[in-house]
Amino acid sequence: MRSLHRASVALSIPLVSACLVATPSAVAAGATAAPGAVSAVPPREPVGGPQLGGRGVIVNAGPGVPAAPKIKAASWLIADGDTGEVLAARDPHGHYLPASTLKTLTTVALIPKLDPNRMVRPSQAACDVEGTKVGMTPKLTYKVSDLFYALMMMSANDAAVTLAEANGGMRKTLADMNAEARRLNAHDTVAGSPNGLDVDLGLNVKTQHTSAYDLALILREGLRNPQFRGYVQKIDHWFPAPPSKKEKKKGKKTGGYPIHTHNRMLEGQAHAYRGMLGGKNGFTLAAQQTYVAAARRGDKTIIISLMKADRPPSPYAAKLLDWGFAAVGKAKPVGTLVPPGDLKPAAKPDQDGNPLLPRAIAGDEERRDWVTIGVVVGGVGILAGVLALVMRRRREGDDAEPSGGE
């Protein structure tokens, strides 16, 4: 028996030692999760709150809260533009083709980088781009501000490409746009073009997409900028062009023509909405109708967005805005439009002034440290138990009567 005990101890100690020196990854590699077990690292919560991970209509019913608006769009969102509270949504983080609503990101990203008075000469490739164009020529130079007016008022794809050229080229501009999306926490957004064209450029929803949630974030950021507001609120603008024969005879070096907004919800337009602050519509055959806009009445601002709608968006947008103004202050929010920048909570200092990392957001390094500590503590406990067993067996062997044989 004693030899059996010694063999047991001899086998146990190397096993304990192995536990003490085993790396967390080695321990984890040998573990098998039980069916239905919760992962040690939970999946990332949707930006803006857990409810916003839903795919259907998301609204918290309550006293005085009207029924959710019924519109035929794959995704939409209604938010309080002042507090950032999301009041209702449908599939807010779903990825969809943006069409020309992507031009809101183009403008937000490039306004800080381009002097509005700078003169820019477009390339022939920019002038020949597919889709809606303002009509440009390489024979003329254009003010950056005129290009932004054409971009946001009449959705000019040639203006978008020319602005990208002025910013250092397509590659740099797309990098700047995607970096701005990350800064705004618009993590559903990937820009593959500066104008929202998709199939014409060989793009699809995997290579260019955004969400109703992100469009609201981007528009909210844009409306904080006076230049952006000027571009989206303008109804008519004079766009430069080569002079006509009559103008040449009069000695004019440039001519021009009026361009008109495509936002039918601005004041005086076909679907004018009282308090409309501005927005951007979009359409391609693949994306269908997309739209993002904001309106203010009294002391309340409502931001709405919709994607993949089955018809021109103004009537649907009016329904979303009406619901928002009726429900604000009554509906319990389903989430929030997050601010730009790092979303991690600030670490609170301990008594010595050292930052304390909240357990709920412990990083991988800290989790590995705790696994290591757990393994060491567990191993020490096992080792102590084995040693106690050995000592007890030894005492039992010394006090017991000799057995009949080994």
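Predicted model: local features only at pLDDT ≥ 70, side-chain atom pairs only at ≥ 80, totals over all residues.
Local features need pLDDT of at least 70 and side-chain atom pairs count only at pLDDT 80 or more, while totals for chains, interfaces and linings use all residues. Residues are numbered from 1 along each chain as its sequence is written, and side-chain values use heavy atoms, with hydrogens and water left out.

**Salt bridges**
- The model has 7 salt bridges (a side-chain nitrogen of Lys or Arg within 4 Å of a carboxyl oxygen of Asp or Glu).
- K172 and D176 form one at 2.9 Å, N to O; both lie in helix α7, residues 170–183, 4 residues apart (helices are DSSP runs of H or I, at least four residues; strands are runs of E, at least two; both are numbered from the N terminus).
- K172 is partly exposed at 39% relative accessible area, whereas D176 is buried at 15% (buried is under 20%, exposed over 50%, partly exposed in between; 1.4 Å probe, protein chains only).
- R183 pairs with E180 at 2.9 Å, about one helical turn away in α7.
- E221 forms a salt bridge with R224 at 3.0 Å, and E180, R183, E221 and R224 are linked in a network.

**Buried positions**
- T104, in helix α3 (residues 103–110), has 0% relative accessibility.
- Beyond four places in sequence, T104 contacts M152, L215, I218, F228, K280 and V292 (contact means heavy atoms within 4.5 Å).
- G48 lies in the loop between α2 (24–30) and β1 (57–58) and is buried at 15%.
- G48 and V338 are 290 residues apart in sequence, yet 5.8 Å apart C-alpha to C-alpha.
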